[in-house]
Amino acid sequence: MSIQPSDSILIVDFGSQVTQLIARRVREAGVYSEIAPFNQAAAAFERMQPKGIILSGSPASVLDENGPRIPAEILDSGLPIMAICYGQQALMHQLGGEVLPGDSGEFGRAFITISDGCALFDGLWREGETHQVWMSHGDKVTSLAPGFKPVASSPGAPFAVIANEEKRIYAMQFHPEVVHTPDGGKLYKNFVRHVCGLSGDWTMAEFRKTKIEEIRAQVGKGRVICGLSGGVDSAVAAVLIHEAIGEQLTCVFVDHGLMRLGEAEQVVSLFRNHYNIPLVHKDVSTLFLGGLAGVTDPEAKRKFIGKTFIDVFEEEARQVGGADFLAQGTLYPDVIESVSFTGGPSVTIKSHHNVGGLPERMNMQLVEPLRELFKDEVRELGRELGLPDIFVGRHPFPGPGLAIRIPGEVTRERCDVLRKADAIYLEEIRNAGLYDAIWQAFAVLLPVKTVGVMGDGRTYDNVCALRAVTSTDGMTADIYPFDAAFLSRVATRIINEVKGINRVVYDYTSKPPGTIEWE
Ligand code: XMP
């Protein structure tokens, strides 16, 4: 069965951390793509019959005799190729050029100078211009394979971009897929549209169709259970899966009691009334809050919540007569921050309960239709599926909920206090027309008491911190620069209206070095 559109690009993955960003850039250019690991690329090539090939970067070295190689079918295909970093080195290594270990490598921002024109640069970069790119490589190409010419260079990389115009092969040492290469998206667009000649009319509506077929192919006649977290991601995943397999899907809303104000009711109403999707609403707040009693370590909280969530799931799966698949709204940023693709010692910053918290013993297969998408793309898909704007446009909310916004011990009382403060903050943000300009805004209840004075009396109550950040994907973030009048209005309302809070502070930390959530 063929489920991809006829105009497609095959991305051969050599294990780079940013391969999914390549797919995103290609999607942005309106072209369908699939990523295949290098050792399965020949089969994917045969199945897809793509119109162009992109070769990714890699942590490996082509000088290692076991380093990944480009399959012969692809090299001999005569199709246009765009090769990134390791892809460039592999190309030169296999076509008769030379690659040697660099003295020190080149990492971070670099500037390349365009020395010659090529189809990849058409309408974009001209001879003599200098452009910012982002480099990350150790080895480097030292002599070119026959038929190639340099078209751009940097002080550290004489072959920063090389081209074989006749064969329509373009290869570069830098990474055009990351935001630090400001024209990178345009290079991909030029490649897929101008070099490969694709029309660029692929849309989220097509993604929806493709995913529906993929879900049907994966699930067959199996039963799927989907955990709703109350957030956009799991809701979009559930609606998409329901469209694919209808009644084979049962949604379970694990209501851990750590949601924002009124959110649990909203989720139940959306699924039962709006979509008529079978929904089990499990109020397990007592179980969660009971287990969180006395727990103050952030990772311990996350692990407990992740594990308990799955426990409840397994129980529900049994109740509905057994499910073969567990559906989750995992997004790409969750995947990259939670696991190390290379299997190397990359640091786990936080155990995301929807990925890292899955216990090994869980014997259901995963259905994760949003795994390659970024948040803004999920929103677009949600709108495509007819989810109400107020729901789709909602700020992201973490799986562990308010528990990670209450440093120290989490209790029902503290959750209630935080919910009230958070609701006031968000109401003021909406009233000021700022909601959509902010990626995430929320209140945090600190385990710190301070002295205040209200009326004639002394108060000794909690501090509430306000956080608001802008971001495009949650991976980096900047603080939202509210004006002082806005912040003092929110602070006054919270202190006056929420019993238990007598001081409000604003968090001025970007990510990095901070993270968005406090725990
Ligand atoms: P951090 O705090 O790591 O958050 O900068 C980045 C984004 O991820 C969200 N987040 C989570 N989402 N499960 C989720 O589904 C989690 O365990 C989790 N932890 C953080 C966070 O709200 C922000 O949008």
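This is a predicted model: local features need pLDDT of at least 70, side-chain atom pairs count only at pLDDT 80 or more; totals for chains, interfaces and linings use all residues.
Let us start with a pair of hairpins. Strand β7, residues 149–154, and strand β8 run antiparallel and are joined by four bridges. The two strands form a hairpin with two residues between them. If you want to find the pairing on your screen, look for serine 154, which stands opposite alanine 157 in β8.

Strand β8 also pairs with β9, residues 169–172; here too the strands run antiparallel, with four bridges joining them. Valine 161 is a handy landmark, as it stands opposite methionine 172 in β9. The hairpin of β8 and β9 has four residues between the strands, and in this hairpin arginine 168 takes a positive phi near 55°. How enclosed is β8 itself? Seven of the eight residues in this strand, which spans 157–164, are buried, so the rest of the structure largely encloses it.

Next, move along the chain to a stretch that carries an annotation. An unreviewed UniProt entry marks a "binding site" that covers Ser229, Gly230, Gly231, Val232, Asp233, Ser234 and Ala235. Two of these residues are worth a visit. Valine 232 sits in helix α7, which covers residues 232–245. With a relative accessibility of 3%, valine 232 falls under the 20% cut-off and therefore counts as buried. Setting aside neighbours within four places in sequence, valine 232 touches Val378, Phe391, Val392 and Arg394.

Alanine 235 is in helix α7 as well. Its relative accessibility is 2%, so alanine 235 counts as buried. With neighbours within four places in sequence again left out, alanine 235 is in contact with Leu228, Phe271 and Phe391.

Our last stop is helix α15, residues 484–497. At 1.5 Å a residue, its 14 residues should span 20 Å, and the C-alpha atoms at its ends are 20 Å apart, which agrees. Which residues of α15 are buried? They are Phe486, Leu487, Val490, Ala491, Arg493 and Ile494. Looking down the axis of α15, you will find its buried residues within an arc of 165°, so they line one face of the helix. The cover over these buried residues includes helix α14 (412–431) and the strands β16 (457–470) and β18 (501–506).

Key: Residues are numbered from 1 along each chain as its sequence is written. Side-chain values use heavy atoms; hydrogens and water are left out. The expected span of a helix is 1.5 Å times one less than its number of residues. Buried means under 20% relative accessible area, exposed over 50%, partly exposed in between (1.4 Å probe, protein chains only). The arc is that of the directions from the helix axis to the C-beta atoms. Contact means heavy atoms within 4.5 Å. UniProt positions are given in the numbering used here, feature names are shortened, and annotations may be inferred rather than shown by experiment. Two strands pair if DSSP finds at least two bridges between them.
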